[in-house]
Amino acid sequence: MSKLYNDLVNIIDFEPDREEEVRTEKYCKSLQVIANILSSVVIILGIATIFCVYAEMLWVFYVFLIFTIVSLVLFGCYKKKYGVRVNRLINDECNINKALTSYMVIAQYYKRKTKMAGVLLLNISSILCYLGKFEEAKKVLELIRKYCDTPEGNAYRASMYAMIASREKDKEAVAQCVNELEEMISKAGSPYMTTAYNIISKYPMIMEAEENGDYAKALELLEIDEEEASNLKKVNVNYRLYKIAKVAGLEEEAAKHRAYVLEKGGDTIYKKELDNIK
């Protein structure tokens with residue numbers, strides 16, 4: 001087991017989905033085998049190609065080059081295919097526990113401190129928030145300091161802390177995260193930082209609308225593209241609008257938003273919370 005996985009196990013308390021666990025383990029082992037085979041073949045062919053080039057058999061070099069490129073493309077497609085599946089579990093099906101199971105298995109195979117480790121920790125923290133495990137999510141975010149202590153990693157932490165703080169109604173913490181991300185952008189901006197800032201900078205206004213029951217303002221701030229937005233995004237928005245509609249006394253609108261969350265919310269905290277409201 002990797003150190004990253006051991007750190008996560010000491011933080012996260014959950015019951016893995018056995019079917020997803022087996023599926024992901026099979027994927028990770030297959031990925032390792034394919035990577036090892038490709039590495040060995042490329043090394044052997046590379047050595048053979050050097051001798052062939054000296055023998056002025058340049059066609060062998062081009063065959064080797066094409067083989068290497070095709071192999072890398074196919075390897076990348078295999079990884080992407082699985083990533084698309086996990087993304088579907090989260091964003092389309094709201095099957096959060098299955099997605100967490102998959103990420104935990106993948107964490108077992110991380111050997112180095114890398115940028116990808118930071119992305120994995122960000123995803124796991126996000127998933128924990130969708131399950132309502134905010135304290136565990138915060139602890140996972142702190143692991144980013146250990147495994148991805150970079151400007152990008154710090155941006156991951158700030159954006160997720162802002163999301164958690166908005167759920168916990170902590171205005172000061174949200175403002176601090178917004179300021180931190182704004183400062184990071186001024187020093188070394190990246191597309192992720194800019195996108196994250198554009199999202200979290202709206203949190204104070206959304207929180208104010210929630211407090212005041214300003215349904216019209218909330219609709220404006222939480223407006224989404226119905227065609228482009230994922231189901232998870234729609235569940236999140238409908239959950240927030242339900243809460244605001246209730247404060248505003250708009251029972252018909254509240255019922256509509258609650259119905260969507262209950263139908264499409266999967267195993268998210270949003271559905272569980274509204275399911276307990278009679």
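Leaving aside neighbours within four places in sequence, R85 is in contact (heavy atoms within 4.5 Å) with E20 and R23 in this predicted model. R85 lies in helix α3, where helices (H or I, at least four residues) and strands (E, at least two) are DSSP runs numbered from the N terminus. R85 counts as buried because its relative accessibility is 13%, the classes being buried under 20% relative accessible area, exposed over 50% and partly exposed in between, with a 1.4 Å probe and protein chains only.

The model is predicted, so that local features need pLDDT of at least 70 and side-chain atom pairs count only at pLDDT 80 or more, whereas totals for chains, interfaces and linings use all residues. Residues are numbered from 1 along each chain as its sequence is written, and side-chain values use heavy atoms, with hydrogens and water left out.

The mean pLDDT (the predictor's confidence in each residue, from 0 to 100) of the chain is 87, with 91% of its residues at 70 or more. Confidence in the chain is lowest in helix α3 (residues 58-91), at a mean of 79, and highest in helix α13 (residues 251-264), at 95.

Most residues other than glycine have a negative phi. In the loop between α3 and α4 (96-107), however, C94 has a positive phi, near 55°, and this residue counts as buried because its relative accessibility is 0%. A positive phi, of about 60°, is also found at K169, which is not a glycine and is placed in the loop between α7 (151-167) and α8 (171-188).
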